[in-house]
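Subject: Structure for your review

Dear colleague,

Please find below the sequence and the structure that I am handing over to you. My notes on what was found follow directly after them.

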Amino acid sequence: MMMAQMNSDERYWQAVKKRDRRFDGRFVTGVLTTGIYCRPSCAARHPKRENVRFFENGSAAREAGLRPCKRCLPDHVAPDEAAVAAAVKRLDAGAATLDELAQLTGYSASHFQRVFKRAMGVSPAAYARARRSARATKALEQEGKVTDVIYDAGYDTPSRFYADAPRLGMTPSAWKQGGAGVTIRYAVVESALGPMLVAAPHQGICRL
Ligand SMILES: [Zn+2]
């Protein structure tokens, strides 16, 4: 019993030191000297280990007389996760502006931008770009005219796609022709967005 407690505390402390956001919502970190409790991933400077107590959740920490941190808003983990999930679903289905996402989730645009970036590691715009470019890349591998593919993938204009195209490592037409004459190696790597395709043509490494 005593041993199990020590082990979980040690695991929690390691998560706090790494600001591991996978632990957000699983416990909160109370700091006795400041009277504040935080989510494990809080970006604030780490407290001294001896001043830290772990609580199962915000209400247990409040019962012990602590107040929620104004920076990481530890009681907002569940609503934030739901908001990010809703935005990801929306962006996976097609383009949406930050204002549209904010309206969808009931957050202000600037606050939602921060919440999304904290959860996903990239801004909503960067996530949308990655999704769009992945959709276009997939479509280019199949049939269809390059310009149709570009519009279908959610680009307003072909020039927007060409601005993203350096990530493909070649021009969209070359990609459409199966990359004739261009040597590309692929690897799937883990990223904040889930598995991501990385292509390495002769020009260097580019992310899709
Ligand atoms: Zn905090």
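In these notes, a residue is called buried under 20% relative accessible area, exposed over 50%, and partly exposed in between (1.4 Å probe, protein chains only). By that criterion cysteine 42 counts as buried, because its relative accessibility is 7%. Cysteine 38 also counts as buried, because its value is 13%.

Two remarks on the basis of the work are needed. This is a predicted model, in which local features need pLDDT of at least 70 and side-chain atom pairs count only at pLDDT 80 or more, while totals for chains, interfaces and linings use all residues. Residues are numbered from 1 along each chain as its sequence is written, and side-chain values use heavy atoms, with hydrogens and water left out.

Overall picture

The chain holds 9 helices and 7 strands; helices (H or I, at least four residues) and strands (E, at least two) are DSSP runs, numbered from the N terminus. Of its 208 residues, 40% are buried. Contact is taken as heavy atoms within 4.5 Å. Among contacts between residues at least 6 apart in sequence, 50% join residues at least 24 apart.

The zinc site

The zinc ion has as its protein donors Cys38 (SG), Cys42 (SG), Cys69 (SG) and Cys72 (SG), at 2.3 to 2.4 Å. Donors are N, O and S atoms within 2.8 Å of the metal (3.2 Å for Na, K and Ca); water is not among the atoms, so sites may look incomplete. Along the chain, the donors are spaced as C-x3-C-x26-C-x2-C. The 4 donor atoms make angles of 105 to 124 degrees, and the site is tetrahedral. For four donors, that term requires all angles to lie between 85 and 135 degrees.

The nonpolar cores

A nonpolar core is a set of buried Ala, Val, Leu, Ile, Met, Phe, Trp, Tyr and Cys residues joined through side-chain atoms within 4.5 Å. The largest has 14 residues, and Leu91, Phe112 and Phe116 touch the most other members. Two or more residues come from each of helix H3 (77–93), helix H5 (109–120) and helix H6 (124–141). H3 gives the most to this core, with 5 residues. Phenylalanine 112 is in contact with Ala83, Val84, Ala87, Leu98, Leu101, Thr105, Tyr107 and Pro124, leaving aside neighbours within four places in sequence. Apart from this core lies another, of 8 residues, including Ala15, Val16, Phe27 and Phe54.

Helix H3

The expected span of a helix is 1.5 Å times one less than its number of residues. For the 17 residues of H3 this gives 24 Å, and the end C-alpha atoms are 24 Å apart, which agrees. Its buried residues are Val77, Asp80, Ala83, Val84, Ala87, Val88 and Leu91. These cover an arc of only 135 degrees around the axis, which puts them on the same side of H3; the arc is that of the directions from the helix axis to the C-beta atoms. The other side of H3 carries the exposed residues Ala78, Ala82, Lys89 and Ala93. The cover over the buried residues of H3 includes helix H4 (98–105), H5 and H6.

Helix H4

In H4, Leu101, Ala102 and Thr105 are buried. Their arc around the axis is only 100 degrees, so they are on the same side of H4. Asp99 and Gln103 are exposed on the face turned away from that buried side. The buried residues of H4 pack against H3, H5 and H6.

Alanine 102 counts as buried because its relative accessibility is 5%. Not counting residues up to four places away in sequence, alanine 102 touches Tyr107, Ser108 and Ala109. Just after H4, glycine 106 takes a positive phi of about 80 degrees.

Helix H5

The 12 residues of H5 should span 16 Å at 1.5 Å a residue, which agrees with the 16 Å between its end C-alpha atoms. His111, Phe112, Val115, Phe116 and Met120 are buried in H5. Seen down the axis, they fall within an arc of 140 degrees, so they line one face of the helix. Against these buried residues pack H3, H4 and H6.

With kind regards

Terms used
Four donors count as tetrahedral if all angles lie between 85 and 135 degrees; four count as square planar and six as octahedral if opposite donors are over 155 degrees apart and all others between 65 and 115; anything else is irregular.
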